[in-house]
Amino acid sequence: MPPDRLTASIGRAGGRGLAPPASAAGRRSVLTGWGRTAPSAADVLHAIHPDVVTAAMSVAGERNGPGRRGLIARGLGRSYGDAAQNAGGSVLDATWLDGVHQVDLERGLATVGAGISFETLMARFIPLGWFVPVTPGTRQITVGGAVAADVHGKNHHVDGSFCSHVREIDLMCPTGPVTVSAESDRDLFWATAGGMGLTGVITGATVQMIPIESSYMLVDTERVPDLDSVMDAMRSGDAAYRYSVAWIDCQTTGRHLGRSVLTRGDHARLEDLPDRLRTPQARARSFMPRTIAGIPIAAPGGLLNPVTVGLFNEFWFRKAPAKETGRPHTLAGFFHPLDIVTDWNRLYGPRGFLQYQFVVPDAEGETVRTIIERLAEVKVASFLAVLKRFGPSDPGPLSFPIPGWTLALDLPVGYPDLDRLLDGLDELVIGAGGRVYLAKDSRLSRSAFRAMYPRVDEFLELRARVDPEGLLRSDLGRRLGLCDDPPPAARTGQERPRGRPAKTAGVNKATGARKAAGVNKATGAKKAAGATKATGKKAPRSGTAGGSGAPKSEARPPDPGGPTSRDRRRP
Amino acid sequence: MIDATGRPQSVLVLGGSSEIAQAIVDLLVAARCRTVVLAGRPGPRLDEAVDRARAAGAQTVESVPFDATAVDGHVAFADSVFDRFGDIDLVIVAAGVLSHQPDDEEDPVLVADVLATNFTGPASAMLAVCRRLRRQGHGKFVVLSSVAGDRARRANFIYGSSKSGLDAFAQGLSSSLVGSGVGVLIVRPGFVVGRMTEGMTPAPFATTPDAVAKAVVRAIGSQALVIYVPPVLRWVFAAMRQLPEALWRRMPA
Ligand SMILES: NC(=O)c1ccc[n+]([C@@H]2O[C@H](COP(=O)([O-])OP(=O)(O)OC[C@H]3O[C@@H](n4cnc5c(N)ncnc54)[C@H](OP(=O)(O)O)[C@@H]3O)[C@@H](O)[C@H]2O)c1
C-alpha cells in the first residue's frame, strides 16, 4: 500500500489513532518513500497536536541501548527514498498538524502547522493574492517536509530555496521545543533547513508568501534540438525569467542528445490576461487543480520500458510548440504537471523506482552531458529528465542546492546493475564538486555522502547539541551514518578539539547565551501575541514529559555541547 | 539498511563457512556491506571464511560460534549477535549437509541428524533471529533451499525431504512476516559444483557458487519469494512435479 493511502486509512478510520497520546504506542505499519523501494515497519503515530510529539519523544527516550529506535516525522511521503521511515521505531504522521494559525495579509506572512500541504496553502492563499514562495514539482508535500528538505523550485536561480523564505520554524527538539529563526539561532535554523527531520520534529513554520495578481502564468515555450543549445539558452536567458525548467529527453543519442523542451515564465499580471481570464476577479485567481486519472495499486511492472518511455518522450517533445511566447498557463499546469495523475509512482510496478538528482557547479556543465550520455548508452528507460539552474546556496550544511546545474532523472529500480551505474555517476558528481539530493536519495553510500556534503560534521555537532541522546532517527540517517550508535555526541566530542582548538568554549557559550535570550524572547512574544496558536502553547516541560524526562536528563552524562535548551529554560 | 537497489550494510550467515554463502558475502562486501558476522562451528574452515571476508574489504568481520543442531542456545545466540552488532540487514541461512543416503537409510539416527542440520535446527535459529528482526522492523532472510526439495527423489529423499521442510517453513514464515518490514527470499539452486558435491557427477543444469551468489544478490531488493538457479530449473521442476510416479522413481541418481 502506498504511504499516503496507508496513513490516510489508518489516520481517518483507524481505531487506535485517537488513543491518549501518553500511551502513544502507535500502530505497526510498513512504510516506503515515493519510490516504493526499501520498505520498513514502524509504529505510526498521529501527531494530532504538538503535545503528542512531546509524548512520543519521551516514550522514545525511555528505551535505552541498542533497543532504542527513536522517532522521525513524516509528511505526505513524497521523499523518494527512506527519509521518512524509521524501522522498528516511531514515525509521527505530521499531516495532522495542518492548521493555519496566523495570517498577515498585508505582508503575506503565514504561520501554519507543519503538516499543511502546499495544495491546501495554494487553495487558501491564491484567491487572496498570495502564492508559496517556492514549490517543487508536486504540491502534495507538507510545509514541514519542505523545510526538512529545504526544497527548491523552478525559481531557484532567482529566489533561492524554500527556507530562505521561512521566517521561523517551530521545532520540537528532544531537548525541548523552540521557535527558531535564522536570527535567533542561526546554526539550528540552517541545520534544520535540509536536515531531513534529524534536528527535531518540525511542528510549524512562518512562511513569507509572494504576491500574485492572478492564478495564471505567462509562459514561453521552445523546443531545443540538443543539450548545448538548451544550456546556452538557459545560461544566457534565465535571468530574464523568474521560473525556468527544461525537460530533457535522455534517450536520444548522437546529434540530438539532450533535446529538450524549455519552459520559462512568470506570474501573469491582470493586465497580461485576456478578458475571459481576467474578469471576474474570482476567475483570475481561481485555483481548481484537477486530477484526471489514478493508477491502480496492482499496476504490473514493466509498463515503463525503453519502448513506452521512448514513445512518451517523443510525444512530449512533439506536442510542445516549436516556439511560443506569453501563453497563459494555469499554476497547476505549469508547476505540477504530474499531479494530474494520482499515484503515478505505481506505474513503475512492484519493484519501484528511484530518482537521481544531482547538482554540479556552473563550470562543470560537461558532467551533465557525460551523465546523459551514459544513460543513453545503456538504454535504461529514463523518463523525462528535468534540468534547472541553481542560484546561490543556503547556509545549511545539508541543504542541497549549490550554484550550477541540477538534473533529475527517474529510473526504474529493476534495471540490472543500476546500482553500479549510479555509483559511477556519484563518482562523476563528486569529481565535479557536486552532490545528490537527499530528499530523492535511496542508495547513496556513506563515503559518497561525506564527499558530497563535506560539512556533515557541523551537522552532527549541532545534532549533538539538540539531540544528545540520539532520539531522532530515520532509515536514511541509519544508512548514511547520521544517527549511529554511539550517538553523534561522542564522535563530534573527539573531533572538536582538533577542529576548533581555542575558540570552542567561546563559541559554545556565545551561541548558548544568544540562544537562551533569543529563543525565550521569541517564544515569549509569540505566546503573548498569538494566543490562538496551537503550537508552542504548552510549557516546555509539559506534564507528559515530566515523569520520564526528568530522571533521564539527570542520568545523562555531562553534555559536551553546553546546556541544552531544556536546561536553559529552567529558572 | 538495505537500500533501494537491494544492498545491505550488514549480514549474518548461519553456516558461515558455506561455500555458497562466502560467494554471496564477497559480492555484498563489494557492494559496500560493512559488517559481516559469520556464525558457524569453530574451526579452520570458519577462520578461512573470516579471512576471506576481511580480504574482500569489509569493515567488521567476526565469527560467532553457532551449531544448527544446538537449538537450546539459539535465542541466546540471536540476542548476543544483535546486541553486539546492532541492526542486521540480511540473514543467510546456509547450514546444511548432503550426506551419503545409503548410509542414512541404514541408520535412523543419521537421518535425524540430517533433518536437524538442514531443517529443524535452521528453523529454530530462524525463529530466534526473527524475533529480533521483527523488533528492528526491517531485514531479510535468504534461505538456501534446493530443487531437491521440489520433489523427493529415490536417490536422495532424506536430504530432499529436509529441504522440503525448510522450504515450506520459510514460505510460511514469509507469510507471517507480512507487515513486519522483514522479508524472505528462498533460493532453490540445482546441482552446485563445489565442496558439498565433491566427487559427484554434475546433474544437468549444474551451476556454481558464484552464479548462485549473483542471482541472490540481484534478488535481494526484489519482492520475489522464490528464485531458482539457474532460472530454467523453475520450469524443469514444474514439469518434474507432473511426471507420473512410475517414471519419476526411475530417475537416475
Ligand atoms: N552444493 C549444492 O549442490 C547445493 C545445492 C542446493 C542447495 N544447497 C544448500 O546450500 C547451502 C550451502 O551449501 P554449500 O554448497 O555452500 O555447502 P558447504 O560449503 O558444505 O556449506 C554447508 C555449511 O553448513 C555448515 N554446517 C553443517 N552442519 C552444521 C551445523 N550442525 N551447525 C552449523 N553449521 C553447520 C557447514 O559448516 P562446517 O564448515 O562446520 O561443516 C558449512 O558451512 C546448504 O544448505 C545446502 O544444502 C547446496
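Colleague: How many salt bridges are there between chain A and chain B?

Modeller: In this predicted model, the count between the two chains is 4 salt bridges.

Colleague: What makes the meeting of A:Asp423 and B:Arg7 a salt bridge?

Modeller: The rule asks for a side-chain nitrogen of Lys or Arg within 4 Å of a carboxyl oxygen of Asp or Glu. The side chains of A:Asp423 and B:Arg7 are 2.9 Å apart, N to O, and therefore the pair is called a salt bridge.

Colleague: Which elements of chain A give two or more residues to the side that touches chain B?

Modeller: They are strand 1 (27–31), strand 2 (40–46), helix 13 (418–431) and helix 16 (475–480) of chain A. Helix 16 of chain A provides the largest share, 3 residues. By class, this side of chain A has 11 nonpolar, 5 polar and 11 charged residues.

Colleague: How do you know that chain A and chain B are in contact?

Modeller: Contact requires heavy atoms within 4.5 Å. On that basis, 27 residues of chain A are in contact with 23 residues of chain B.

Colleague: What area is buried between chain A and chain B, and which residues of chain A lose the most?

Modeller: The buried area is about 2000 Å², and carbon and sulfur atoms give 50% of it. In chain A, the residues that lose the most area to chain B are A:Arg69, A:Arg351 and A:Asp419, together 23% of what that side buries.

Colleague: Why are strand 1 and strand 2 of chain A said to pair?

Modeller: Pairing needs at least two bridges between the strands. Strand 1 and strand 2 of chain A have 5 bridges, in the antiparallel sense, so they count as paired. A:Arg28 stands opposite A:Asp43 in strand 2 of chain A.

Colleague: What is the order of the strands in the open sheet of chain A, and which are the edge strands?

Modeller: The sheet has 4 strands in the order 1-2-4-3, with mixed pairing. Strand 1 and strand 3 (71–74) of chain A are the edge strands, because each pairs on one side only. From one strand to the next, the twist averages 40 degrees.

Colleague: What makes A:Arg465 and A:Asp185 a salt bridge, and where do they lie?

Modeller: Their closest N and O atoms are 3.1 Å apart; the limit is 4 Å, so the pair qualifies. The pair links distant parts of the chain, 280 residues apart. A:Arg465 lies in helix 15 (residues 456–466) of chain A, and A:Asp185 in the loop between strand 9 (176–180) and helix 6 (186–192) of chain A.

Methods. Residues numbered from 1 in each chain as written. Chains lettered and ligands numbered in written order. Predicted model: local features only at pLDDT ≥ 70, side-chain atom pairs only at ≥ 80, totals over all residues. Heavy atoms only, no water. Buried area = accessible area lost by both parts, 1.4 Å probe. Nonpolar A, V, L, I, M, F, W, Y, C, P; charged D, E, K, R; others polar. Axes fitted to C-alpha atoms, helices over the stretch in contact; angles between N-to-C directions.
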